[in-house]
Amino acid sequence: MKKLLCKAGQSTMEYVIVLTAIIAAILFAAVTFIRPSVNRVYNETSARMEGSATFFMNKLGGPLNITGGAAAGAAAGAAAGAGAGAAAGAGAGF
């Protein structure tokens, strides 16, 4: 009876070792083949976001206030609009 338990233990250990080797191979393949694709997608997304930020910065005429929340952004937009309106009104008098 004792010999049967030892044999069963050995075969279980062999399955664990083979399964560990398979998992290690999958992880190695993922790191080797998938990482460049993920990096490419990340870099493309970053470039698009940077392009959008540059577009809006050029459109608004200054840097975006992204730390002040919606109220600060609205106040900055209103101030920019008032400045533009005042400049247009001053030019219309001539």
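At 48% relative accessibility, Phe55 counts as partly exposed, and its ring takes part in the one aromatic pair that a search of the whole structure finds. The model is a predicted one, and its protein chain of 94 residues has 1% of them counted as buried. The chain holds two helices and zero strands, with a mean pLDDT of 73.

**Aromatic pair**

- The partner of Phe55 is Phe56, and the ring centres of these two residues lie 5.3 Å apart.
- The planes of the Phe55 and Phe56 rings stand at 70° to each other, which is over the 60 degrees required, so the pair is classed as edge-to-face.
- Phe56 has a relative accessible area of 43% and is therefore partly exposed, a class that also applies to Phe55 at 48%.

**Salt bridge**

- The structure contains one salt bridge, formed by Arg40 with Glu44, whose closest N and O atoms are 3.5 Å apart.
- Both Arg40 and Glu44 belong to helix H1, where they are separated by four residues, or about one turn of the helix.
- Arg40, with a relative accessible area of 45%, is partly exposed, and Glu44, at 39% relative accessibility, is likewise counted as partly exposed.

**Surface and nonpolar patch**

- The accessible surface of the protein chain amounts to about 8,100 Å², and carbon and sulfur atoms account for 72% of that area.
- A nonpolar patch on the surface is made up of Met13, Val16 and Ile17, which together have about 290 Å² of accessible area.

**Confidence in the model**

- Although the mean pLDDT of the protein chain is 73, the share of its residues that reach 70 or more is 55%.
- Over residues 84-94 the pLDDT falls below 50, and this stretch makes zero contacts in the model beyond near neighbours in sequence.

Technical notes:
Residues numbered from 1 in each chain as written. Predicted model: local features only at pLDDT ≥ 70, side-chain atom pairs only at ≥ 80, totals over all residues. Heavy atoms only, no water. Buried < 20%, exposed > 50% of the residue type's maximum accessible area, 1.4 Å probe, protein only. Areas by Shrake-Rupley, 256 points an atom, 1.4 Å probe, with all protein chains shown as cover. Patch = residues over 30% accessible without salt bridge, like charges linked within 9 Å, V, L, I, M, F, W, Y side chains within 5 Å. Salt bridge = Lys/Arg side-chain N within 4 Å of Asp/Glu carboxyl O. Phe/Tyr/Trp six-rings, centres within 6.5 Å; stacked < 30°, edge-to-face > 60°. pLDDT = per-residue confidence, 0-100. Contact = heavy atoms within 4.5 Å.
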